[in-house]
Amino acid sequence: MAEMMLRRTKADQVEPVYRKFTEAFPTAASCAAVPRRSIKKLLAPLGLKWRAAHMLETIDHLRDHYALRAPSQADNLRPIPGVGEYANSMLRNRLFGEPLPALDSNMARLICRVSGLNFGPESRRNRVVKEIAGELVRTARSADLNLAVLDFSALVCKPRSPLCGQCPLVSKCQYAAVSGKVHASRER
Ligand code: SF4
């Protein structure tokens, strides 16, 4: 549910809605029991009308295929509505500890910049980017690493105006070398 709320929406906007949502509907069964309009109303502040529809589809799927229990590691999560490649990796990593990268555009941007690859909207599907992301999460703390990369991309390696002068990766980063940010950071 959190992943669905975070789609194309900032975390600080999601936080109060997520809190209200989980207080009102602490279980899948409680979601399934309320009128659909209650869920739509709770999600309304986040915008994007399709979000509520997707969430309701997910709840229906959990009711019809899982009897409203949480899926287990043996289950294939991809048929669950709203679970694409990114959500599948994130969920399997968070829930079952599988070393899968949460490869969204933020992680792809960071990988492309450090490795000197061109970055674009489809970079998260690039084979080389996927391979590097897979290497990154080969660690006992892959869940922490996924979250750390998300935070790092939002706070330091930002889409516009990355803070190369404060970045611990600056000496290894191709983007910083090409854009002259290495010199800028060393002079500070
Ligand atoms: S040096 Fe700059 S571009 Fe490179 S990873 Fe750090 S913030 Fe991103």
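The model is predicted; local features need pLDDT of at least 70, side-chain atom pairs count only at pLDDT 80 or more, and totals for chains, interfaces and linings use all residues. Residues are numbered from 1 along each chain as its sequence is written.

Next, select helix 6, residues 85-96. Helices are DSSP runs of H or I with at least four residues, numbered from the N terminus. Helix 6 has 12 residues and spans 16 Å from first C-alpha to last, close to the 16 Å expected at 1.5 Å a residue (the expected span is 1.5 Å times one less than the number of residues).

Which residues of helix 6 are buried? Colour Ser-89, Met-90 and Asn-93. Buried means 20 or more other C-beta atoms within 10 Å of the residue's own, exposed means 12 or fewer, and partly exposed lies in between, with C-beta atoms placed from the backbone. Seen down the axis of helix 6, the buried residues fall within an arc of 95°, so they line one face (the arc is that of the directions from the helix axis to the C-beta atoms).

Now go to Pro-45, in the loop between helix 4 (36-43) and helix 5 (49-66). Pro-45 is exposed because 12 other C-beta atoms lie within 10 Å. Its C-alpha is 9.9 Å from that of Pro-16, 29 residues apart along the chain.

Finish at the ligand, which 15 residues surround. Select the closest: Cys-157, Pro-162, Cys-164, Cys-167 and Cys-173. Helix 7 (105-115) and helix 10 (174-179) each supply at least two residues of the shell.

Technical notes: Near = placed C-beta within 6 Å.
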